[in-house]
Amino acid sequence: MAKPIQCIVAVARNGVIGAAGRLPWHLPEDLAWFLDATRGGIMIEGPACYAELGKALEGRGTVVVSRDPAKTFAGAERAADLTEAVRVAQAMPWSGPVWITGGERIYAEGLPLCSKLLITRIHRDYEGDRRFPADWQSHFARRTWSKDGEHEGVKYTFEVWER
Ligand SMILES: NC(=O)c1ccc[n+]([C@@H]2O[C@H](COP(=O)([O-])OP(=O)(O)OC[C@H]3O[C@@H](n4cnc5c(N)ncnc54)[C@H](OP(=O)(O)O)[C@@H]3O)[C@@H](O)[C@H]2O)c1
């Protein structure tokens, strides 16, 4: 049976998700949420995300989407585009969902494929150079769960959305 395709992201109030190749914030609870949710599944990510993490994370599969056949990614599969990445992920021996985990373009192309969105909404603006699609709510009609959190004065809400 096909694995569900889901998306996980943390987004600032102004839509920013990244700055100069890094996350603009340090939120330990959000990192733990991300690691826990994706464990046992397969992450589909871009090369800059792979570089930021520094490796393929253990306990899950990883597919890196790169148009450059010369690039290799230790511990991960490589796919030339998102369609191939999903096909590769569906064939990998992990029972969890296929996770769209960024960056900007992977999110934009991947959101229409996703049945569920796990979004951490950070309740302040950040400066940055990467954004989540502004129209994401056109893909997900129902918020099915939420939980508030705070770290060093930064407030955020974990939310789950479904189509
Ligand atoms: N807040 C969050 O939840 C979150 C999640 C993930 C990432 N981020 C942030 O986002 C940033 C990294 O994401 P990113 O968007 O810069 O990079 P990325 O998606 O990791 O990688 C961009 C690369 O994807 C490849 N690519 C594959 N298909 C492509 C296509 N059709 N068109 C263009 N490029 C394509 C290109 O590499 P090739 O030349 O090799 O093809 C391009 O250079 C970081 O700042 C990171 O912290 C935030």
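**A walk through the structure**

Just after helix α1, G40 takes a positive phi of about 85°. Helices here are DSSP runs of H or I with at least four residues, strands are E runs of at least two, and both are numbered from the N terminus. This is a predicted model, in which local features need pLDDT of at least 70, side-chain atom pairs count only at pLDDT 80 or more, and totals for chains, interfaces and linings use all residues. Residues are numbered from 1 along each chain as its sequence is written.

Now step back to the whole protein. Its secondary structure comes to four helices and ten strands. Along the sequence they follow the pattern β-β-α-β-α-β-β-α-β-α-β-β-β-β. The C-alpha trace spans about 40 × 35 × 30 Å along its principal axes. Of the 163 residues, 31% count as buried. A residue is buried if 20 or more other C-beta atoms lie within 10 Å of its own, exposed if 12 or fewer, and partly exposed in between; C-beta atoms are placed from the backbone.

Return to α1, residues 28-38. Here D30, F34 and T38 are buried. They cover an arc of only 50° around the axis, which puts them on the same side of α1. The arc is that of the directions from the helix axis to the C-beta atoms. An α-helix has 3.6 residues a turn, so residues three or four places apart point the same way. The face turned away from the buried side of α1 carries the exposed residues P28, A32 and D36. The buried residues of α1 pack against β1, β3 (42-45), β6 (98-100), β7 (116-122) and β10 (154-162). Contact means C-beta atoms, placed from the backbone, within 7 Å.

Next comes the largest nonpolar core. A nonpolar core is a set of buried Ala, Val, Leu, Ile, Met, Phe, Trp, Tyr and Cys residues joined through C-beta atoms within 7 Å. Of its 35 residues, C7, V9, I44 and I100 touch the most other members. Strand β1 gives the most to this core, with six residues. Leaving out residues up to four places away in sequence, C7 touches I100, Y107, G110, L111, C114 and L117.

Last, the ligand. It is surrounded by 26 residues, and the closest are G18, G46, A48, G102 and G103. A residue counts as near if its C-beta atom, placed from the backbone, lies within 6 Å of the molecule. β1 (5-12), β2 (16-18), α2 (47-53) and α4 (104-110) each supply at least two residues of this shell. The largest share, four residues, comes from α2.

Notes: Contact = placed C-beta atoms within 7 Å.
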